[in-house]
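Here is a short briefing on aromatic ring pairs and annotated spans. Start with the sequence and structure below.

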Amino acid sequence: MDITEYIKLVFTDYTLRTITLGTAILGAVTGMLGSFAVLRKQSLLGDAISHAALPGIAIAFLITGTKDSNVLLLGALISGLIGTFWIRNIISKTHLKSDTALGLILSLFFGFGMLLLTFIQKQPNANQAGLDKYLFGQAATLVERDVWTMAIVTGFCLFVLFLFWKEFKILLFDVDYTKTLGFNTKFIDILITTFIVLAIVLGLQTVGVVLMSAMLLAPAAAARQWTNSLSVMVFLAAVFGAFSGIFGTAISASQNNLSTGPVIVIVAGVFVLFSFIFSPSRGLLFRQIRFIKNRRDLELHKTLAFMFHIAETHDDISHPHTVKILNNFQGFTKGTLQKLVNKNYVILQGNMWSLTEEGFKKASNLYNQQNETDE
């Protein structure tokens, strides 16, 4: 199947269109809200919340006896919020650190959820089959109503994000300053956390409890490599998340026996890897290029400084010297000498070199800067 046929199929096939739209919306909203989790250094919170939501799914089924996705996700939302605020209380009211609180709530809630799922599976009721899809996700179960729910929640998140943008931005980078301005930091913090929980709960049906934290954090981590601006980061994270959903769905649909959720997470991981390597400001590739360039510049300056010390011993700075003098200098290479000639710092005639006035001035400035640094 080529790209053109697949795009036509997206518009004509109900199931594929629903899954593609659902995963794209999910990727966008989780990437957008995941940016705040990453910047607040609460990356593990996503993992804890997704696992804490499992008991809510099981309890919602036990109470209602139905597998309606909205009912089950409402139970997951309540359970996730309870787990989140327990984590906050443990951190604020005990001497335990955040990583301990996160690990404690994650393991307790997930263990309780697995216990409830085991109990449900042993009940003489065929209706309980399929609850385990929330562990690893099953995007194929998405229906148009689920997509509309995601779209409405995403729209609401965007509205609140624009409404409280200034407050969110200030709180992220300076909590004390936010307090001095008179903002209710506790309310803003709870609002951000609630929306992060909401985004995680939305993705449980598609990606599952186990992989949901990656969907929340990977697009944001990738976007962080490309910018220092919060607004640009949020936008890029939403784009990376949406394309992760679209490409992941396309790969899963074009191959047999590939679950959509894990493929989406892998695609998001590819975005992260690409960003870590190729982003201009923080990427490993450009960092290595800058390192090599800086090292070459250092060798160039060291050679020019060495020439300066030789030239300043003569009344005439343009007095020629043999290249052999430079051979004993550790930083000298023929390539370095040619670069100095190209920059018009040095004149090379046969085996003799001499500093130009421009080269002498440049070397003198470097020498003075070095002395100021040493002082």
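Phe247 is partly exposed, at a relative accessible area of 39%. Phe247 also pairs with Phe271: the two rings are stacked, 6.5 Å centre to centre, with 20° between the planes. The model is predicted.

**The Phe247–Phe271 pair**
- This pair links distant parts of the chain, 24 residues apart.
- Phe247 sits in helix α13, and Phe271 in helix α14 (residues 260-278).
- Phe271 counts as buried because its relative accessible area is 18%, and the cut-off for buried is under 20%.

**Aromatic pairs elsewhere**
- The structure holds 11 aromatic pairs.
- One of them joins Phe243 and Phe247: this pair is tilted, at 5.5 Å centre to centre and 35° between the planes.
- Phe243 and Phe247 share helix α13 (residues 230-254), where they are 4 residues apart, about one turn of the helix.
- Phe243 is partly exposed, with a relative accessible area of 38%.
- Ring pairs also connect Phe36, Phe164, Phe168 and Phe187 into a cluster.

**Transmembrane annotation**
- An unreviewed UniProt entry places the feature "transmembrane region" at residues 21-39, 45-64, 71-88, 100-120, 147-165, 190-218, 230-251 and 263-286.
- In the model, residues 21-39 are 100% helix and 0% strand, and the end C-alpha atoms are 28 Å apart.
- Residues 147-165 are 95% helix and 0% strand, with end C-alpha atoms 26 Å apart.

Conventions. Residues are numbered from 1 along each chain as its sequence is written. This is a predicted model: local features need pLDDT of at least 70, side-chain atom pairs count only at pLDDT 80 or more; totals for chains, interfaces and linings use all residues. Side-chain values use heavy atoms; hydrogens and water are left out. UniProt positions are given in the numbering used here, feature names are shortened, and annotations may be inferred rather than shown by experiment. Helices (H or I, at least four residues) and strands (E, at least two) are DSSP runs, numbered from the N terminus. Rings of Phe, Tyr and Trp (its six-membered ring) pair if their centres lie within 6.5 Å; planes under 30 degrees apart count as stacked, over 60 as edge-to-face and the rest as tilted. Buried means under 20% relative accessible area, exposed over 50%, partly exposed in between (1.4 Å probe, protein chains only).
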